Amino acid sequence: MSGSSTKLPRRSIRAPTLACLLVTLCVTALLAGLSVGSAGIEPFWTLLTDPVAAQIIFEIRVPRTLGALLAGGLLGLAGALAQGLFRNPLADPFLLGSASGASAGVALVLVSFGLSPVATQWFIKLGLTGAAFLGAILAVFLTLSLARSVQHTLRLLLAGVIVGVVLGALTSLLSLTHPNILQSMQAFMLGSTAFVSGSACAIMGVVWLVCNASGIALSRVLDALALGEATALSLGLPLNQLRVVLIGILALATGTAVAQTGLIAFVGLAAPHLVRAIVRVRYAWLLPLASLMGALLLSLADLLARGLIAPQELSVGVLTAILGGGYLMWLMNHQGPTHD
Amino acid sequence: MTDSSATLKAVPIAFETRSLEIKRGQRSVIKGLNLKISTARWCAIVGPNGAGKSSLLLALAGVLPFQGEILLFNQPLKQYAAQQRARRVAWLAQSSVQSADDLTAYDVVMLGRIPYQSWLNGQSQADHAAVEHALKLTHAWDWRNRALGTLSGGEKQRVLLARLLAVEADVLLMDEPLANLDPPHQADWIQLVHGLVAQGKTVVSVLHDVTLALYADDVIVMSNGQVQYTGKRDDTSLHSNIENVFEQRIAIQPLGSGWVALPKLV
Amino acid sequence: MNTTVTFRRTFRYYAIYVSLILLAHGAITTRAQSFVTDDRGVTHHWATAPQRVITLLPSLTETVCALEQCARLVGTDRYSNWPALVTTLPTLGGGMDPNIEAIISLKPDVVFTAQSSRNAERLEALGLKVVALETKNHADAKRLLDKVAQTLGVAPEHAQQLWQNIDQGVTATARSLPASTQRLRVYIEVNQAPFGAGPSSFIGETLSRLGAQNILQARPEAFPRINPEFVVRVQPDLIMISERDLADMRKRPGWSNMKAIKENHICAFPTTEQDVLVRPGPRLAEAAQLMADCLKRFAS
C-alpha cells in the first residue's frame, strides 16, 4: 500500500495506530474470554491443573471466544461493505435479505426433519449451520434476481426488503404450523456463541481472510462510489460486475457469521460508525478496521453475556446493542458542534 | 493504444457525433444531434435548463448509453475498452453529487488515478506525482490531508477539479466546474484551462454563466436536445443566437477584449 | 296493650322476615351466578355459570377437561391436543396470535388464557370476559384448578379432590423410588439455547419432590438460560431432554466427553411425553411418573 518514500504527504498515522490498538484489545478479549465462564471470572492459568477445567477451557471457551471475535469480525466487515455499496450510513449486513434467508433455511430444515428418512439423513449432514448459510446466500441471490440488475441501488434495496419480508413470512408460517420447531427457531434467532466449535472457528477464519483480502483489493471501488456512480463509471470501473462481486463477498461473510452464531444485530451497523468516529479513512483501511472493531464489540458483549450473572447467560444481541449504541451516543455527545 | 498527445493533436476533431440520440426513460433528451468538437481547444456549452447539456456530456464520457454514433479521435467510442477510454476522457460531475466526506483531499485526487491502477499494485510514483501536480495546479496542496467534509464549498470544488486533472486525460469534460468558486478562483480556473489547451488538451465545459462561457474558444448553443448554433466566441451570430435561446432576457455586450452577458430588465 | 310495644314487636318480626327473604334470595343467586378474580386482579361476574368456554393454553384446556367440563369447550388454541376429543374442536390460533374473529364468532361466555400472552386486554376490549391465569409452580397449578372450577360453577370440593389426587399421586410416586435416587444430580433441559428447568419451576419442584437434586441453584427465574460450560463443569449424573433436541446435544463442543453422555445416562422424551412434562396442569402426577421412571432407570 503506501510506501515509505519521503515524497509522500504526511498521512494521518492514526489509522495504523487504531489498528494496533484494536488488535491488542482483541487479544486481551481473547485472554479474558478464557477466564470468564460459568463460575464468573477466574484467571484461566489457575484452571489448567484440573483436567476437567482444562478441557472446558480448550474445548469450550477457546472456540467460543474465538468464534465471537471471528463472527464479529465478519459482521463488522460486512457492515462496512454494505454501507459503502449503498452509500447509506444506516445499511447493515442483513440488508439484502440474508437474515430472513438464514431463518427460513433453518425453519425448513427443522420442519423437514423426520418427514422422510432420506430427507432426515440429508439434513443431518447439512446441519442447521449449513442450512442457515445456504439460506442466507440464496436469499441474496434471490434479491439480485428480483432487482434484475445491480445498476440501481434503490431497486436493489427494495428487492432486499421484499425478499426479507417474504422469507420472514415464510419462516413465521412454518413456525406456526409446526409449533414444535418454535423453541429451536427462537434459539437460533436470539443469536449466541454458546455452541461454536473449533471447526466452526476454522471455517470462519478462512472466510474472514478471504473476505478481507478481496474486500481490500476492491476497496477503491467503494471510494470511487462515494464520488457518485457516474464518476466511478467515467473512471473506467466495470461497476456492475464489481458490485456483484462485492455483494458476493458481503453475502459470504454474513452467511458464515449467521450460520455459526445466529442473528446478532447491531454489530454490522455500529462497527463502521465507531471506526469513522475515531479516524477518517478510505475503504482500504475502513474495511479491516471495521472488522476489528466488530470483533471487539461482539467479544466484549459475549464476555458480559457470560460473566454478568454466571452461570446464567444474557442475550448477546441485547448487549451488543447496549454497548455499541451507548458508545456511539457518548461519541456523538462529545463531538458535538466541532463535528463539521 | 498508447498514442502520445502529440499524435493525437494531429487528429483535428476530438469528438464527433452523428444522429446522436439519448433517452432518459421513455423521453428523448437528445435527438438527431450532429456536432464536432475540435482538438486542443476550449469549447463551452450553453443553453437553458433541460436542454440536454449534462446528458450530452455524460454520453461523451461513456457513462450514458446512446443511439447513433460518437467518435473519439476518429474511433467509435464504443470500441474503446473502459480503462482505455477512462485515460483519454475525464469527466467532472456537478458538485452536488458526492458524499466523500471522510476521504482526505489527497485520497480524493488519488481516485483520479484509478484508470492507471491495477488491482494488485498499489499507488505508483507516477500516481503520486500526478496527484501532487494536480493539487498544486488548483492551489489545494496545502490542505491535502484535510477531510473533504471539513472544507468549504470552494475548496471542495478545487479538490474535485484536481481529481479531474490527475487523470491526465486528453479530453476534459466538466459539468458546471465553477460552482461555488469566487471570482478570483474562477479567473484561476480560466487561466488553468488556457494552459491545458496550450498543452494540446481538449476542454469541454457546460457553463450556465454566459459571460464565463464567452471566454472559451468555441461555444455550442443547445436547447431542446438540439444544437442551435456553433461558433467562435467573437461571432456575432453566435451572440444573437444565445440571446434568442434565452428568450431575449440577456444582452451580450463587448467589454474590453471580451464579452459580457448582462441580464436584460424589461 | 301498649301500642309502642306492639309496634316494636311487629317491626322486629318484619325485620327478621325481610332479612330472611333477602338471605334466601342471596343464597339462591350466589349459587346460580359465578364470579372470579383472575391473576391480573380483574373480576368478572356471570349471571349463570358460563356454558361456552374457550381456552388459549394447553394446560387450561386440560384443566377444564379434568374437571369434566370438556363438553362446554367450543374452541381451543392450536397447541391443545389432550384429551383426544379436544382435537375435533375449532383451533383459534395460538396464545400469542389468537384468531380474534374466530373467537368472537363462537360467542364464548368466558375465555381462559395465560397472563403472559398479554391478549386479555385486547379480547376484553371487544366485550369478552377473559380470565388470565399463570402457572409457574405446583401452588399455581392448584390455584388454576380452583379458579377454573370457580368460574365454571363447579363445586370447589371437586377441584380440591382433583388436586388431592394429583398431590397424592406425586407423593406416592416419590415414595416408590429407591433411596439412591436422592444422590442423583439431574440436569433438565427445556430449550436448546440452552434453557434449564430451575428449582422454582414446576418441573424443578416435581424433581425435588421426587427426591433428586437439580444441578441448577434456586433463583427467582424458573427457566434460566445457562452457560453450556456450566453443565460440563458440574457433570450431572443424569440428563433429561426432549428426543428432538437429543441429536444436537451430543455435538456440542466439550459435551461429548461428559460422563452422562458417554455412559448414555440420558432420558430422551418423545413429543407426547414432553407435552406432559412441560404443561403445569392436571397431568402433573403423570409427569412425575415419567420423571420417576427415568430416575429409576439410572438410580444405582
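Here is a short chat about a predicted model.

Visitor: How are residues, chains and ligands labelled, and what pLDDT do local features need?
Guide: Residues are numbered from 1 along each chain as its sequence is written, while chains are lettered from A and ligands numbered from 1 in the order in which they are written. This is a predicted model in which side-chain atom pairs count only at pLDDT 80 or more, totals for chains, interfaces and linings use all residues, and local features need pLDDT of at least 70.

Visitor: What is the mean pLDDT of chain B?
Guide: pLDDT is the predictor's confidence in each residue, from 0 to 100. Residues 1–6 of chain B stay under 50, but 95% of the chain's residues reach 70 or more. The mean for chain B is 89.

Visitor: Why does the radius of gyration of chain B agree with a compact globule?
Guide: The globule rule is 2.2 Å times the number of residues to the power 0.38, and the radius is taken over C-alpha atoms. With 266 residues, a compact globule would come out near 18 Å, which agrees because chain B has 18 Å.

Visitor: Which two chains share the most contacts?
Guide: Two residues are in contact if their C-beta atoms, placed from the backbone, lie within 7 Å. No contact joins chain B and chain C, whose closest C-alpha atoms are 40 Å apart. Of the two pairs of chains in contact, the one with the most is chains A and B.

Visitor: Within what arc do the buried residues of H6(C) fall?
Guide: Buried means 20 or more other C-beta atoms within 10 Å of a residue's own, exposed means 12 or fewer, and partly exposed is in between, with C-beta atoms placed from the backbone. In H6(C), the buried residues include C:Trp163 and C:Ile166. They line one face of the helix, because seen down its axis they fall within an arc of 95 degrees, taken from the directions from the helix axis to the C-beta atoms.

Visitor: In S11(C), which residue is the bridge partner of C:Ile239?
Guide: Strands S10 (residues 238–242) and S11 of chain C run parallel, joined by four bridges; pairing takes at least two bridges found by DSSP. The partner of C:Ile239 is C:Ile266.

Conventions. Helix = DSSP H or I, 4+ residues; strand = E, 2+ residues; numbered from the N terminus.
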